[in-house]
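Biologist: Could you take me through this structure step by step? I would like to begin with the chain as a whole and then go into the details.

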Amino acid sequence: MAGNDIMNLIELIYQQIEEAKAPALRPGMSIVDRDDLLNLLDELKAQLPMELKRAQELLATRDKFIEETRRDAERLLRQAELEAKSKISESEILHTAKERARQIVARAEERSRQLYQVANEYAEDALARTEEAVQAALDEVKQSRVRFRSAAAAKMQEQREKLEKKPPLEAGGKENRS
């Protein structure tokens, strides 16, 4: 099921971030394998259209069921009316047939409404969970970018400081020892 695949991918992203090693001088920072995280995010992105397609398929199935139920109800109503017409001389039978047809139609319409509501709730829930999962992954990626930039800036500053402490080289390529 795609919903589980999406959650598994998000868990893998969290796991990689949690297991990331901290640089020696920055214990609050983590270094992650950028390519691995981007690959996981690409997989997550590829799974989302499948989840949306499944929700659309569910809606199409719901609409088909509603239409079939409506046709069945109309057929049953026509059948009940035909039966009632053939026994028109007996008004009680006619009344019973119409009442039965009305009850069948009412049950079919109620069932149709219930299925419509359940399908809508499922689709809404699936889309909400997907949106939350994507938002959580996006937030984590944004936080990782901020930490990465901070770590990179600190490393650059450290390199600059090392370079500033080295004595300048003479024109011949040798260090000035005076």
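This is a predicted model: local features need pLDDT of at least 70, side-chain atom pairs count only at pLDDT 80 or more; totals for chains, interfaces and linings use all residues.

Biologist: How many helices and strands does the protein chain have?

Modeller: The protein chain has 3 helices and 0 strands. Read along the sequence, the pattern is α-α-α. Helix α1 covers residues 2-18 and helix α2 covers residues 34-86, while helix α3 covers residues 91-165.

Biologist: What share of the residues counts as buried?

Modeller: Of the 178 residues of the protein chain, 21% count as buried. The accessible surface of the chain is about 13,700 Å², and carbon and sulfur atoms account for 54% of that surface.

Biologist: Let us go inside, then. Which residues make up the largest nonpolar core?

Modeller: This core has 11 residues in all: Ile6, Leu9, Ile10, Ile13, Ile17, Leu37, Leu40, Leu44, Leu48, Ala133 and Ala137. Helices α1, α2 and α3 each supply at least two residues of the core.

Biologist: Which helix gives the most to this core?

Modeller: That is α1, with 5 residues.

Biologist: I would like to look at one member of the core. What is Leu44 in contact with?

Modeller: Leaving aside its neighbours within four places in sequence, Leu44 is in contact with Ile6, Leu9, Ile10 and Ala137.

Biologist: Now for another residue, Ala101. Is Ala101 buried or exposed?

Modeller: Ala101 counts as buried because its relative accessibility is 2%, and the limit for buried is under 20%. Ala101 is placed in helix α3.

Biologist: Which residues does Ala101 touch?

Modeller: Not counting residues up to four places away in sequence, Ala101 touches Leu77 and Ala80. There is also a C-alpha separation to consider: Ala101 and Glu81 are 20 residues apart along the chain, and their C-alpha atoms are separated by 8.0 Å.

Biologist: A change of topic: charged side chains. How many salt bridges does the count come to?

Modeller: The count comes to 9 salt bridges. One of them joins Glu99 and Arg102, with the closest N and O atoms 2.5 Å apart. Both residues lie in helix α3, 3 residues apart, which is about one turn of the helix.

Biologist: And how accessible are Glu99 and Arg102?

Modeller: Glu99 has 26% relative accessibility and counts as partly exposed. Arg102 is also partly exposed, with a relative accessible area of 48%.

Biologist: What does Glu158 pair with?

Modeller: Glu158 forms a salt bridge with Lys155, the closest N and O atoms being 3.6 Å apart. The side chains of Glu158 and Lys162 also meet in a salt bridge, at 4.0 Å from N to O.

Biologist: Why do Lys155, Glu158 and Lys162 count as partly exposed?

Modeller: The reason is their relative accessible area, which is 46% for Lys155, 22% for Glu158 and 45% for Lys162. Partly exposed residues fall between the limits of under 20% for buried and over 50% for exposed.

Biologist: Which residues are linked in a network of salt bridges?

Modeller: Glu67, Arg70 and Arg71 are linked in such a network.

Biologist: One last topic, pockets. What is the volume of the largest pocket, and which residues lie nearest its centre?

Modeller: The volume of the largest pocket is about 360 Å³. Its lining has 14 residues, of which Val32, Arg34, Ser144, Arg145 and Phe148 lie nearest the centre. The elements that give two or more residues to this lining are α2 and α3, and α3 gives the most, with 6 residues.

Biologist: Where is Ser144 placed, and is Ser144 buried or exposed?

Modeller: Ser144 is in helix α3. Ser144 is buried, with a relative accessible area of 13%. From C-alpha to C-alpha, Ser144 and Ile17 are 8.1 Å apart in space, although they are 127 residues apart in sequence.

Definitions and conventions: Residues are numbered from 1 along each chain as its sequence is written. Side-chain values use heavy atoms; hydrogens and water are left out. Helices (H or I, at least four residues) and strands (E, at least two) are DSSP runs, numbered from the N terminus. Buried means under 20% relative accessible area, exposed over 50%, partly exposed in between (1.4 Å probe, protein chains only). A nonpolar core is a set of buried Ala, Val, Leu, Ile, Met, Phe, Trp, Tyr and Cys residues joined through side-chain atoms within 4.5 Å. Contact means heavy atoms within 4.5 Å. Accessible areas come from the Shrake-Rupley method with a 1.4 Å probe; for residues, only the protein chains shown count as cover. On a 1 Å grid over the protein atoms alone, a cavity is a set of points where a 1.4 Å probe fits but cannot get out, and a pocket is an open set with protein on both sides within 12 Å along at least five of seven lines; lining residues have an atom within 4 Å of a point. Grid points are joined across faces, edges and corners, and a volume is the space filled by probe spheres set on the points.
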